[in-house]
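Please look at the sequence and the model together while reading.

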Amino acid sequence: MIRPIDRDPVFLSVPSSLAGKEDLAIVRDLLDTMAVHEQDCLGMAANMIGFQKQIICVRNGLVLVTMINPMIVRKQGPYEAEEGCLSLSGTRKTRRFQKITVKYQDAFLKPHQQEFSGLVAEVIQHECDHLKGILI
């Protein structure tokens, strides 16, 4: 189901709770909502569509990667970035890392650990900030 983008900074500032099997339907809503915003969206966190659960979806080339309960366990190569967000107007400067390692579960709750770099790493960091209630 396509959901509206939440723009309430108070709601978005609340840290999300761990997601479980009962929250997997949120993944479909994230993917459907991302598809509508395909031209201006590389990633989305569940709280952006009204669910305070630790679920994100990010575009990695042509593939959409779903991450449930993602945790960045390694960061390398800090740099300054300027990012925008569907939930906020304008762009803001922030600090990101060129290469990250993420532990997460997929849409079947199977555990993974994967390394990401470049733009997809930046998007994952942005969406993980959303899960922590951090707005750039």
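Helix α3 is mostly covered, since 13 of its 14 residues are buried, where buried stands for under 20% relative accessible area, exposed for over 50% and partly exposed for what lies in between, computed with a 1.4 Å probe on protein chains only. Helices (H or I, at least four residues) and strands (E, at least two) are DSSP runs, numbered from the N terminus. The model is a predicted one, in which local features need pLDDT of at least 70 and side-chain atom pairs count only at pLDDT 80 or more, while totals for chains, interfaces and linings use all residues. Residues are numbered from 1 along each chain as its sequence is written, and side-chain values use heavy atoms, with hydrogens and water left out.

The 14 residues of α3 should span 20 Å at 1.5 Å a residue, and its end C-alpha atoms are 21 Å apart, which agrees; the expected span is 1.5 Å times one less than the number of residues in the helix. Just after α3, Gly133 takes a positive phi of about 80°.

**The sheet**

Five strands form an open, antiparallel sheet in the order β1-β2-β3-β4-β5, where two strands pair if DSSP finds at least two bridges between them. Because β1 (43–45) and β5 stand at the edges with a single partner strand each, one side of each is left without a neighbour in the sheet. Neighbouring strands are turned by 45° against each other on average, direction ignored; axes are lines fitted to C-alpha atoms, for helices over the stretch in contact, and angles run from 0 to 180 degrees between N-to-C directions. Strands β1 and β2 (residues 55–60) run antiparallel and are joined by three bridges, and Met44 has Cys57 in β2 as its bridge partner.

| Helix | Strands touched | Angle of directions |
|---|---|---|
| α2 (residues 25–36) | β1, β2 and β3 | about 40° with β2 |
| α3 (residues 118–131) | β1, β2, β3, β4 and β5 | about 105° with β3 |

Most residues other than glycine have a negative phi. Asn69, although not a glycine, has a positive phi of about 55°; Asn69 lies in strand β3 (residues 63–85) and counts as buried at 15% relative accessibility. A polar atom of the Asn69 side chain lies 2.7 Å from the backbone nitrogen of Ala19, and the side chain of Asn69 also makes a polar contact with that of Gln105 (2.9 Å). A polar contact is a pair of N or O atoms within 3.5 Å; within protein, one must be able to donate a hydrogen and the other to accept it, and residues adjacent in sequence count only if both atoms are side-chain atoms. Leu109, also not a glycine, has a positive phi of about 65°; Leu109 sits in the loop between β4 (88–105) and β5 (111–117) and is partly exposed, with a relative accessible area of 25%.

Terms used. Contact means heavy atoms within 4.5 Å.
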